[in-house]
Amino acid sequence: MTELTKLTIASARDALRKGEISSVELTGALNAAVDGSDKLNAYAHKTPEIAEAQARAADARIQAGDAPDLCGIPLGIKDLFCTENTPSQAASRILDGFRPPYESTVTTQLFRDGAVMLGKLNMDEFAMGSSNETSAYGAAVNPWQADDGVALTPGGSSGGSAAAVAADLCLGATGTDTGGSIRQPAAFTGITGIKPTYGRCSRFGIIAFASSLDQAGPMTRDVRDAAIMLRAMSGHDPKDSTSADIAVPDFEAMLTGDIRGKVIGIPREYHVDGMPTEIETLWTRGTEMLRDAGALIRDISLPHTKYALPAYYVIAPAEASSNLARYDGVRFGHRAKLAQGDGITEMYEKTRAEGFGAEVQRRIMVGTYVLSAGFYDAYYNRARKVRTLIKRDFDQVFAEGVDAILTPATPSSAFGLGAMKDADPVQMYLNDVFTVTVNLAGLPGISVPAGLDHKGLPLGLQLIGRPWEEGDLLNTAYALEQAAGFVSKPAKWW
Amino acid sequence: MSIDNDTARRVAKLARIRVEEEALPALASEFNTILGFIEQLQEVDVDGVEPMTGVTPMHLKRRDDVVTDGSQQEKVLANAPDAREGFFAVPKVVE
């Protein structure tokens, strides 16, 4: 049998059910791997005792014959998810010491199914970033390296999740995606990540960044595992008013690999200036793979693509400035030490200056500005109108019979930690150029590893699906995965 | 459209984030870069377009107007930096 830590969720599930392995063994192997992984800084808070207790309970459940797919499966949980009595601080100083007295709906559902939590995973502060470098814990490190041995970003914001899955420090991980935070890190680390349709997973208990864009999703070794984990994470929740009351199908059962007759759109606007030839080549190869599998390839146009990033950088900071107003040093988390005579305003201002990192402060202030009197119409309302147009672009191509859209996942492979230090913030934002449209339109999108670049680093392709048709999207991704045959793993150096 | 130090100071104040005087020029310059990027939106013809309020057409669910939660004072206060006698404690607000 494959080394325990390298198992997929599906193979571990099958081995657990057959009694070939126990969850206690599996969890023990992963706890040991996590312990030896500090150089990757993927785990911000390790929870081996919780994991062991959950594993024992899972083994009992499996023996009793009552075992959902995830029963006994060790997972990592992004620090953005509130987990009861366990540190959950969105990688921010301002939530230092916060222990939620409640559990997020997504983790409640995972634990209901018997999943095991190995710990809380590193991320960009409040999920604002594309490189994990805004984390109060310091950056997570990509297990992949080029020959020069330079430390690379695992991407962001779900960088710890991506690093952990790629380095065999969990069998799967939760992520969240507001502008590409699942799909970009998945592409940078050679794993699979799906952001489902907005409303598919409850946002209850997920620390809010931009509520109209935030969605949770799984990050896994392959498409089948993504299907298994997404099913467990999805479903209607009365505690989230935007959670959809739509039945959750058995996504795994929909993985036939048969995509004959499916129409795949190739959007011309995604050929951006300065895109490396390797990315263009990969995209062309992906197109050929889908054609060879029997899909019909169609050139399409999504004319407002160019305006997605600027619209996002109005809407997301605006929502963030409102959501993050709650961090005031009164009810939870950090409060600054006050000087003699300081009043409540000084308390707010000092607490927020000390507690928030530079990028979070910047976004809060940009959001405050675009919502302020006199600019609300010019920026915020205009961005929301552009968002309507971006969604309309997608609606139109879907109405014309397109089943899924193929694009690159990122404009490059993983870059060096610190490489963007002197770049202006907008340069970093360009990482999300292919993914952010999907959040603005509320659509499901999946990143699938599809090849290596000349430095030996993974590259991903993105498939975008129709709303609520994650099953069909996963199946197309499954066909792409089979054709791409990506099996490379990073060489262990940590 | 250019942000000067006064505007940066005002925005920081509105956001309740302390920014030292010497940090204002750098902050204003970052705002200008970001707002310059956002400025592209002015090119788009948005005449007659409704601003998006929700990405999926859905009706908000209703529920009976009954109390479903409460009586958890200890839990509510458990994470407070300063809680006293069942309340959140803050610096004096009223003179």
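Helices (H or I, at least four residues) and strands (E, at least two) are taken here as DSSP runs, numbered from the N terminus. The structure is a predicted model, in which local features need pLDDT of at least 70 and side-chain atom pairs count only at pLDDT 80 or more, while totals for chains, interfaces and linings use all residues. Residues are numbered from 1 along each chain as its sequence is written, and chains are lettered from A and ligands numbered from 1 in the order in which they are written.

Chain A contains an open sheet of 11 strands with mixed pairing, in the order β1-β3-β2-β4-β6-β5-β10-β11-β9-β7-β8, where two strands pair if DSSP finds at least two bridges between them. Because β1 (43-46) and β8 (296-300) of chain A stand at the edges with a single partner strand each, one side of each has no neighbour in the sheet. From one strand to the next, the twist averages 30°. The pairing of β1(A) with β3(A) is antiparallel and extends over three bridges, and H45(A) has K120(A) of β3(A) as its bridge partner. Helix α8 (residues 277-292) of chain A lies across β7 (263-267), β8, β9 (404-408), β10 (445-452) and β11 (458-465) of chain A, and runs at about 150° to β9(A); such angles run from 0 to 180 degrees between N-to-C directions, with axes fitted as lines to C-alpha atoms, for helices over the stretch in contact. Two residues are in contact if their C-beta atoms, placed from the backbone, lie within 7 Å.

The largest nonpolar core has 166 residues, and A311(A) and V314(A) are among those with the most contacts inside it. Such a core is a set of buried Ala, Val, Leu, Ile, Met, Phe, Trp, Tyr and Cys residues joined through C-beta atoms within 7 Å, and a residue is buried if 20 or more other C-beta atoms lie within 10 Å of its own. Helix α9 (residues 308-323) of chain A gives the most to this core, with 10 residues. Leaving aside residues up to four places away in sequence, A311(A) touches several residues, including A383(A), I390(A) and L41(B).

The contact between the chains takes 56 residues from chain A and 38 residues from chain B. On the side of chain B that touches chain A, α2(B) gives the most, with six residues.

Methods
Buried ≥ 20, exposed ≤ 12 C-beta atoms within 10 Å, placed from the backbone.
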